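Please look through the sequence and the model below before reading on.

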Amino acid sequence: MSVVNFDILIPLDSQGFMELECDYCKNRFMVLGDEFKNGDFLHMFCPVCGIPNHLNTFYTTEVIEKSHEIISQWAIDQIQKTLGASIKSLNKNKFIKVDMKIPKVNSNLELYEASNCYLKVNLECCNIDLKIREIDHLVGAYCPKCGGCHI
Ligand SMILES: [Zn+2]
Ligand SMILES: [Zn+2]
């Protein structure tokens with residue numbers, strides 16, 4: 001069985017930040033895409049509630065939906081490839097007419113537009129740039145890398 005990799009493009013804003021969502025508090029924030037992809041941390045602290053979690057739990061609902069859609073489309077393509085061939089050979093037989101109707105996955109579902117309603121902050125402890133909502137900044141933010149609190 002071969003491994004299939006799916007590349008999902010997560011949109012970045014004009015400054016290279018990607019939007020993430022905490023699985024615990026459901027608040028959103030942004031970190032640099034490069035930092036998220038190439039950073040040397042497996043866990044990240046949510047800047048809003050401060051609870052650490054695996055990096056892959058921080059994808060937004062839209063990104064997860066998009067990945068499901070891409071995988072379903074791939075599965076349907078595979079079915080069409082394999083079934084399509086055998087249906088063609090079946091149809092060569094005049095007495096049997098087989099047709100195939102597979103529902104198309106909604107390909108119009110596009111990823112969110114990265115929003116710009118965030119405030120950019122730099123956390124000195126790990127020298128990391130972060131974008132959080134203004135209200136979260138007022139209450140105090142946690143560093144995604146070391147979990148230190150900044151007020
Ligand atoms: Zn959180
Ligand atoms: Zn830090």
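In the hairpin of E1 and E2, where six residues lie between the strands, Lys26 adopts a positive phi near 65 degrees; helices (H or I, at least four residues) and strands (E, at least two) are DSSP runs, numbered from the N terminus. This is a predicted model, in which local features need pLDDT of at least 70 and side-chain atom pairs count only at pLDDT 80 or more, while totals for chains, interfaces and linings use all residues. Residues are numbered from 1 along each chain as its sequence is written, and side-chain values use heavy atoms, with hydrogens and water left out.

E1 and E2 run antiparallel and are joined by five bridges, two strands being counted as paired if DSSP finds at least two bridges between them. Within this pairing, Glu19 stands opposite Met30 in E2. E2 also pairs with strand E6 (residues 128–132), again in the antiparallel sense, over two bridges, and there Val31 has Leu130 as its bridge partner. Because four of its five residues are buried, E2 is largely enclosed by the rest of the structure, where buried means under 20% relative accessible area, exposed over 50%, and partly exposed in between (1.4 Å probe, protein chains only).

Cys25, in the loop between strand E1 (17–21) and strand E2 (28–32), and Cys49, in the loop between strand E3 (43–45) and strand E4 (52–54), link distant parts of the chain, 24 residues apart. Cys25 is partly exposed at 26% relative accessibility.

Methods
Chains lettered and ligands numbered in written order.
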